[in-house]
Amino acid sequence: MSVPSLLLSTTPCSGFRFRLLIKILLIGLFSCQQMPVMALGAMRTVDDVVRLFGEKVALRLQPRFEFADVAWPPQRVSLVAFKDTRLIELWALSEGVWQHIKDYRVKAMSGRAGPKLQEGDRQVPEGEYRIELLNPNSAYHLSLKLDYPNTFDRQQADMEGRNNLGGDIFIHGGRVSTGCLAVGNRAAEELFVLTALVGESNVSVLITPRDYRFRPDQPIPADAPAWVHNLHSQIASQLQRFPLADKH
């Protein structure tokens with residue numbers, strides 16, 4: 001039974017169905033699993049969201065792109081998320097050069113430095129990811145699903161015999177999050193519409209524990225797997241595409 005049909009059923013809930021309903025509600029409140037908005041009527045589509053917020057988003061973002069001398073909408077964008085400072089930088093590619101557009105504050109996240117290793121560790125992943133899904137009916141206003149675990153994550157897990165890596169990692173609206181990145185509703189609207197216009201395949205997300213551009217030598221957690229040092233070195237190298245000196 002789907003969530004809406006469960007909630008809208010007029011027959012009395014059995015003990016099992018009542019417990020299931022409570023579990024569903026708790027998942028929506030305390031995790032990043034992006035259930036549909038529980039409301040009457042048809043679910044909205046990605047196109048619906050673009051029609052609803054597209055003009056407002058363009059009015060807010062287009063001047064930023066014009067200032068950076070980047071076409072609107074751009075061909076490719078990248079989000080760079082820093083876990084220590086809770087900041088997401090928005091970059092756009094123009095004539096082979098990445099140009100800084102604006103920054104977003106992360107309103108809520110959990111965990112510490114270090115990658116996500118398994119379901120329930122409350123960690124935000126680290127590495128380079130893609131947007132694999134836009135959820136226009138998120139319980140957190142709007143959300144963008146990352147392709148965690150990616151190939152690298154799976155390879156490390158296979159070598160260590162780990163399974164149950166978790167998933168459902170999103171950038172989403174609101175100010176509450178466990179294992180995801182909550183950026184507030186206004187930012188979620190901008191990132192959602194921008195991704196819809198550019199196309200999910202043209203959006204990359206680099207998540208780093210810190211800004212290696214001006215703090216290159218930082219220790220990793222003592223209990224981190226040995227391969228984390230190599231992962232952070234790769235992230236530091238990828239950060240060089242986004243020069244700090246060119247920010248405005």
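## Basis

The model is predicted, so local features need pLDDT of at least 70 and side-chain atom pairs count only at pLDDT 80 or more, while totals for chains, interfaces and linings use all residues. Residues are numbered from 1 along each chain as its sequence is written, and side-chain values use heavy atoms, with hydrogens and water left out.

## Fold

The chain holds six helices and eight strands. These are DSSP runs (helices: H or I, at least four residues; strands: E, at least two), numbered from the N terminus. Their order along the sequence is α-α-α-β-β-β-β-β-α-β-β-α-β-α.

Residues 24 or more positions apart make up 63% of them.

## Burial and surface

Of 248 residues, 48% are buried, meaning under 20% relative accessible area with a 1.4 Å probe, protein chains only. The accessible surface (Shrake-Rupley, 1.4 Å probe) is about 12,400 Å². Carbon and sulfur atoms account for 54% of that surface.

## Nonpolar cores

A nonpolar core is a set of buried Ala, Val, Leu, Ile, Met, Phe, Trp, Tyr and Cys residues joined through side-chain atoms within 4.5 Å. The largest has 41 residues. Ile-88, Leu-146, Ile-171, Leu-181 and Ile-207 touch the most other members. Elements giving two or more residues to this core include helix H3 (46-67), strand E4 (127-135) and helix H5 (185-198). H5 supplies the largest share, seven residues.

Another core, of 16 residues, lies apart from the largest one; Leu-87, Tyr-212, Val-228 and Phe-242 are among its members.

Definitions and conventions: Buried means under 20% relative accessible area, exposed over 50%, partly exposed in between (1.4 Å probe, protein chains only). Contact means heavy atoms within 4.5 Å.
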